[in-house]
Amino acid sequence: MSPSPELHVVESTDPLAVPRRVALVRPDTRPAVRRSDERYVMTFPHLIVREVILFQVVVIALSLAAFVFDAPLEGIANPIETPNPAKAPWYFLGLQELLHYFPPIVAGVLLPGLVVLSLAVIPYARINLTAGPLWSPGGRRLALALAAVTAALFILFGAFGCWPIAVPTLLTAGAMFAARGGAEGGRLRRALARVTLPEWIMTWFVVIATLLTVIGTFFRGPGWTLVWPWSGPI
Amino acid sequence: MSAARISMADWLRGSAVYRSIVRHGTADTNRNRSLVIFENLFLHVHPVKVREKTLRFSHTYWLGGVTLVSCLVLIATGILLMFYYHPSVPQAYRDMKELNYVVDNGLFLRNLHRWAAHLMVFAAFLHMLRVFYHRAYRPPRQFNWVVGIVLLIVTLFLSYTGYLLPWDQLAFWGVSVGTNMAKEAPLVGEKIRFLLLGGNVVSENALLRFYVLHCVVLPVALLLFLSVHIWRIRKDGGVQGPPTDADDPRQEEAE
């Protein structure tokens with residue numbers, strides 16, 4: 001960034017003069033500042049009509065789903081008859097899958113707590129505002145650091161036998177290395193080369209969260225053993 | 001016939017009663033189109049004009065909108081379901097049977113509530129990812145991102161508390177598994193679980209507490225944070241789509 005211009009404050013003695021406003025635009029400030037020449041349309045009808053259509057599409061889609069698929073209802077709750085497996089709702093099955101690998105305090109408290117905290121601080125971490133493409137020419141130190149972090153994570157999660165995390169970690173790191181020097185490569189590698197570090201981390205998280213949820217939902221049977229989704233009721 | 005109907009509509013629009021409710025005439029001029037927005041309590045969260053670009057599908061994929069619509073469907077169906085539901089054991093389960101087999105369209109109502117709940121959780125998650133990959137959390141929208149995370153958590157808790165209410169095996173054991181996880185939090189875990197369940201196991205007390213959380217506490221919290229969320233979108237200059245070169249801070253640094 002170029003050094004900030006020096007500011008001179010000049011006090012006017014004329015009480016009737018209209019004060020001139022000075023706006024300092026920092027590079028990380030609202031993008032709208034630079035967009036004075038954009039095309040605008042009237043909110044009514046252009047936006048309102050789209051909102052109404054969106055409302056109708058969602059309501060119709062949900063109604064069709066409600067006509068075709070019935071909400072599950074099993075027998076009345078019975079505290080002495082534990083179903084095997086007893087499963088939480090799908091959005092918590094990633095967590096329940098974690099319980100299979102880690103002690104409850106790690107799977108139930110530490111990891112979800114870390115996830116929520118990391119999500120909440122995203123806009124306040126400078127790297128998320130300024131990060132550019134991951135690799136710059138050279139990048140030997142980054143390559144070494146990345147390899148070290150990957151190895152550490154792989155060993156850590158591998159030691160717990162948690163392959164749904166360890167394997168995507170390796171794959172993500174592989175993709176990150178494939179992005180190195182990808183600016184001169186084919187289309188896929190050029191696209192990879194543009195991905196920033198925060199985007200790599202989020203993608204890593206999303207892949208793992210999805211994988212854990214899918215395994216927990218479809219591939220876990222009695223005693224939380226691995227089963228095929230078609231081998232029995234889930 | 002049609003001409004007569006149009007003049008009927010015109011007569012209605014011109015009537016003193018109608019004009020006392022809707023103060024502007026037909027929205028055929030830009031002035032009246034502006035009045036449609038800012039003379040309406042519910043629409044005036046919108047600006048009178050919007051950037052044309054923000055209307056494109058790829059700008060937001062309408063994911064926040066899908067989340068909001070499923071939320072509205074949930075409120076409507078939820079209120080109707082409350083007419084038929086008693087949060088007590090075993091009446092809660094009997095009410096489910098009544099809904100499924102006795103109440104007109106009861107099963108449809110329950111289905112709609114169920115699938116809208118799943119859609120809301122899923123759409124909220126996708127909305128979060130969209131905002132992240134478009135880097136729409138950047139200033140001045142930092143705090144609205146945090147509000148969004150709070151909304152996601154409230155949504156999850158809403159869905160989770162609702163999961164117990166049918167009082168079937170699925171509900172009972174799903175909630176047992178989840179609340180056993182809460183127990184593991186150091187120091188306060190056991191106490192939080194006791195507070196949540198009104199006891200040490202999922203019981204009638206837990207059903208009542210989850211019912212009150214699901215129908216009063218969490219919806220109020222959701223509406224509060226939702227109002228802040230939507231109001232701040234407006235205050236921060238509207239929805240933010242994918243980053244362009246013009247608003248990329250890195251461009252500035254390159255200059």
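This is a predicted model: local features need pLDDT of at least 70, side-chain atom pairs count only at pLDDT 80 or more; totals for chains, interfaces and linings use all residues.

User: Which way do the two strands run, and how many bridges join them?

Analyst: Strand β1 of chain A, residues 40-42, is joined to β1(B) by three bridges, and the strands run antiparallel.

User: How many residues does each chain give to the contact?

Analyst: Chain B gives 75 residues and chain A gives 65. On the side of chain B that touches chain A, the elements that give two or more residues include α3 (30-38), β1 (49-51), α7 (106-133) and α9 (169-182). The largest share, 13 residues, comes from α7(B). By residue type, this side of chain B divides into 47 nonpolar, 13 polar and 15 charged.

User: Let me try one residue. Is B:Trp173 buried or exposed?

Analyst: A residue counts as buried if 20 or more other C-beta atoms lie within 10 Å of its own. B:Trp173 is buried because 23 other C-beta atoms lie within 10 Å. B:Trp173 sits in helix α9 of chain B. Leaving aside neighbours within four places in sequence, B:Trp173 is in contact with A:Thr82, A:Pro83 and A:Ala86. B:Val202 is 29 residues away from B:Trp173 in sequence, with 8.7 Å between their C-alpha atoms.

User: What should I know about cores in general, and which residues have the most contacts inside the largest one here?

Analyst: In soluble globular proteins, nonpolar side chains tend to be buried together. Here the largest nonpolar core has 68 residues, and those with the most contacts inside it are A:Leu62, B:Ala116, B:Met120, B:Leu164, B:Trp167 and B:Ala171. The largest share of this core, 13 residues, comes from α7(B). Domain 1 (42-70) and domain 2 (90-231) of chain A both give residues to this core, so the core lies between them. The centres of these two domains of chain A, taken over C-alpha atoms, are 35 Å apart.

User: Which residues belong to the second core?

Analyst: That separate core has six residues, among them A:Leu134, A:Trp135, A:Met176 and A:Ala179. A:Met176 is also one of the buried residues of α6(A).

User: How do I read the length of that helix, and what covers its buried residues?

Analyst: Compare its span with the expected one. Helix α6 of chain A (163-178) has 16 residues and reaches 22 Å from first C-alpha to last, close to the 22 Å expected at 1.5 Å a residue. Its buried residues are covered by elements including α5 (140-159) and α8 (197-218) of chain A.

Methods: Residues are numbered from 1 along each chain as its sequence is written. Chains are lettered from A and ligands numbered from 1 in the order in which they are written. Helices (H or I, at least four residues) and strands (E, at least two) are DSSP runs, numbered from the N terminus. The expected span of a helix is 1.5 Å times one less than its number of residues. A residue is buried if 20 or more other C-beta atoms lie within 10 Å of its own, exposed if 12 or fewer, and partly exposed in between; C-beta atoms are placed from the backbone. Two residues are in contact if their C-beta atoms, placed from the backbone, lie within 7 Å. Ala, Val, Leu, Ile, Met, Phe, Trp, Tyr, Cys and Pro count as nonpolar, Asp, Glu, Lys and Arg as charged, and the others, Gly among them, as polar. Two strands pair if DSSP finds at least two bridges between them. Domain bounds come from an automatic or database domain assignment. A nonpolar core is a set of buried Ala, Val, Leu, Ile, Met, Phe, Trp, Tyr and Cys residues joined through C-beta atoms within 7 Å.
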